[in-house]
Every structure is written in structure tokens, then in C-alpha cells.
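Work through the exercises below with the sequence and the model open. Try each task before reading its solution.

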Amino acid sequence: MKITYLLSTVFALSFFSATMVNAGEHEIPTAPDEYLKMENPYAGEADEDLLKSAGKLYKRKCKKCHGSKGDGKGSSAADLEIKPPDFTEPGYLAGIKDGQLYWVLLKGGSEEAEMEAYGPGTDANISEDDLWKLVTYIRVNFSK
Ligand code: HEC
């Protein structure tokens with residue numbers, strides 16, 4: 001009797017701690033190679049028009065979670081179980097390929113995260129071209 005009790009306690013505790021660890025270690029999934037290899041057609045070519053039009057789109061569709069400063073502290077972020085990343089963390093964007101950012105935008109984030117897909121055919125239906133402009137906007141404005 002006692003052993004069963006002990007075992008079930010140990011089991012319950014290890015299950016509990018495994019769940020805690022998972023919640024703390026959430027990772028954004030990595031894009032397949034074919035996306036990581038993609039070149040941003042607007043890399044190094046972010047002119048005023050591009051930043052202005054992408055900025056409008058960002059304000060409409062992204063700001064409430066990612067924040068106007070890109071720090072992940074938008075007005076809706078507090079309600080999210082999985083928080084948006086802080087793009088302005090020093091070195092954060094430098095360590096991520098444009099193809100990775102593009103892929104998350106096109107396909108959405110991990111299943112548990114409320115980052116939906118924004119590409120063609122989705123509710124937002126943003127063109128591939130405009131997705132690249134958003135990637136460019138994020139990189140130019142939020143890199144630290
Ligand atoms: C409802 C809140 C929400 C909205 C709206 C939203 N995002 Fe996200 N975004 C997230 C979360 C949460 C993650 C983390 C996803 C994960 O953990 O898989 C994320 C991840 C990302 C990433 C991946 C970053 C990386 O490090 O790989 C990019 C890029 C991104 N979002 C851009 C955008 C853009 C651009 C828009 C607007 C078109 C947008 N997001 C709209 C919540 C949101």
C-alpha cells in the first residue's frame with residue numbers, strides 16, 4: 001500500500017515538473033532548409049516607401065502582439081500564454097535568417113502559439129511580396 005502511494009507521488013511530481021520545464025523552454029520551430037536558404041528580395045533595399053507601406057501593415061496586423069517597438073509588449077501580449085519574442089534583444093535578429101522570419105509569417109508559429117499564418121490564402125491573405133517587406137521592416141526597425 002505504502003509503496004503504491006510513494007510511487008504515484010513520485011510519478012505525479014515528475015509529471016508536474018516535466019510540464020513546468022516545457023512551458024519555460026518554448027522554442028519557435030525552425031524553418032526547413034529550403035526556406036532558410038531563401039534570399040530576401042529587399043535585403044539592403046529598404047527605401048522610405050517600403051518602410052512606410054510595411055509599417056502600415058505592421059500597425060494593423062502585428063503591433064497588438066509584437067508592440068510598436070518590436071519588443072513583444074503589444075497591448076494583447078499580456079493575454080498570450082506564449083509571448084511574442086523580443087526582436088530588440090541585442091543580437092536577436094542578427095542571429096536569425098530572413099528565411100526563418102518569412103517562414104513563420106507564411107506558415108504561422110508553433111501549434112501552441114497564437115501566431116497565425118499570414119500568407120496567401122489565409123484570413124489575412126498577405127502576398128509573398130508583402131511578407132518579405134514585413135521581414136525587412138522588422139529587421140531595419142527593430143535590430144539592436
Ligand atoms: C496574436 C498575437 C500575434 C500577432 C497578431 C502576430 N504575432 Fe508574430 N508571433 C507571435 C508569437 C506568440 C510568436 C512566437 C511563435 C512561436 O512561439 O511559435 C510570434 C512569432 C513571430 C515571428 C518569428 C520570430 C522568430 O524569432 O522566428 C515573426 C517573424 C513574427 N511573429 C512576425 C509577425 C508579423 C509581421 C505579424 C503581423 C503580420 C505578426 N507576427 C502578428 C504573436 C503574434
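**Exercise 1.** List the buried residues of helix 5 and find what covers them.

Solution. Step 1: the buried residues (under 20% relative accessible area, with a 1.4 Å probe and protein chains only) are Asp98, Gly99, Gln100, Leu101, Tyr102, Trp103, Val104, Leu105 and Leu106. Step 2: 9 of the 10 residues of helix 5 are therefore buried, and the helix is mostly covered. Helices here are DSSP runs (H or I) of at least four residues, numbered from the N terminus. Step 3: the cover includes helix 2 (33-36) and helix 6, where contact means heavy atoms within 4.5 Å.

This is a predicted model, in which local features need pLDDT of at least 70 and side-chain atom pairs pLDDT 80 or more, while totals for chains, interfaces and linings use all residues. Residues are numbered from 1 along each chain as its sequence is written, and side-chain values use heavy atoms, without hydrogens and water.

**Exercise 2.** Which residues coordinate the iron atom of the ligand, and where do they lie?

Solution. Step 1: His66 (NE2) and Met115 (SD) coordinate the iron atom at 2.0 to 2.2 Å. Step 2: His66 belongs to helix 4 (residues 63-66) and Met115 to the loop between helix 5 (98-107) and helix 6 (128-142), so the pair ties together parts 49 residues apart in sequence.

Definitions and conventions. Donors = N, O, S within 2.8 Å, 3.2 Å for Na, K, Ca; no water. Helix = DSSP H or I, 4+ residues; strand = E, 2+ residues; numbered from the N terminus. Buried < 20%, exposed > 50% of the residue type's maximum accessible area, 1.4 Å probe, protein only.
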